[in-house]
Amino acid sequence: MKILGLDTSTMMTTCAVMEDEMLLGEFSLSLDMSHSEALVPMIEALMNNLDMKLSDIDGFAVSTGPGSFTGLRIGLATAKGFAHVTGKPIVGVSSLQVLADNMYGHSVVVPMMDARRDRVFTAVYTMENNQWETLLEPDAIEVENLIGMINNSYEKVILVGDGATRYKREFSEGIVGKVVFAPGTLNLSRASSVCRLGMLRLQRGESDDMFTLAPDYLRDSQAQRMMSKKS
């Protein structure tokens, strides 16, 4: 089974193709350009280098959030377009679980993305039988509250993602002896993890409806919040 995975939930634009458990290719760029400018040319370059066509792909996997409002829409629209043209299945995966997958094999992983205003998008996962089990559902949490929760609930956790980098001092001072920080290179989303997680869903016979699959922002967009204040 060949899977094309996309992630545009952060500043990183990344795509990958995986066949079964083998990564065939992966491109990732963090540049001063929009996902709309970078994503499709990147996919075309990846497919050309692999001498493959979209019709060779058996399924598509895409990060559904949380993350950048515009980025998530671009990634989803692109993956949906591919699924519609080819008639192949599409599956969405959590951007937080994609980050957690960088720490595959660790017991308790807390991925987090900076949500600004001293908050992070986060969840808590543990590895069971080579699959991630959710201990805390994805949510937007104040850093201070997350520190308290970790102190009260876990003996040892590994923190990963730009939220962990942004608030490293707060976590280091607030959770003494309980946290390990992922190396810098592992704090970035990887499309290969999107592929792996998407393939697990497809192998279980799961797929999403391309017409109803939507971003999981975990909060209203800025425009929606402004409209709510006016109403």
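Reader: How far apart are the end C-alpha atoms of helix α1 (residues 35–49)?

Author: This is a predicted model, where local features need pLDDT of at least 70, side-chain atom pairs count only at pLDDT 80 or more, and totals for chains, interfaces and linings use all residues. Residues are numbered from 1 along each chain as its sequence is written, and side-chain values use heavy atoms, leaving out hydrogens and water. Helices (H or I, at least four residues) and strands (E, at least two) are DSSP runs numbered from the N terminus, and a helix's expected span is 1.5 Å times one less than its number of residues. For the 15 residues of α1 that should give 21 Å, which agrees with the distance between its end C-alpha atoms: 21 Å.

Reader: Within what arc do the buried residues of α1 fall, seen down its axis?

Author: Buried means under 20% relative accessible area, exposed over 50%, and partly exposed in between (1.4 Å probe, protein chains only). In α1 the buried ones are H35, A38, L39, M42, I43, L46 and M47. They line one face of the helix, because the directions from the helix axis to their C-beta atoms fall within an arc of 145°.

Reader: How many helical turns separate E173 and R169?

Author: These two form a salt bridge, with the closest N and O atoms 3.5 Å apart; the rule is a side-chain nitrogen of Lys or Arg within 4 Å of a carboxyl oxygen of Asp or Glu. Both E173 and R169 are exposed. They sit four residues apart in helix α6 (residues 168–174), so the separation is about one helical turn.

Reader: Is R201, which meets E206 in a salt bridge, buried or exposed?

Author: The R201–E206 bridge has an N to O distance of 2.9 Å. E206 is partly exposed, with a relative accessible area of 30%. R201 has 18% relative accessibility, so it counts as buried.

Reader: Which residues do salt bridges with shared partners join into one network?

Author: R201 and E206 belong to it, along with two others.
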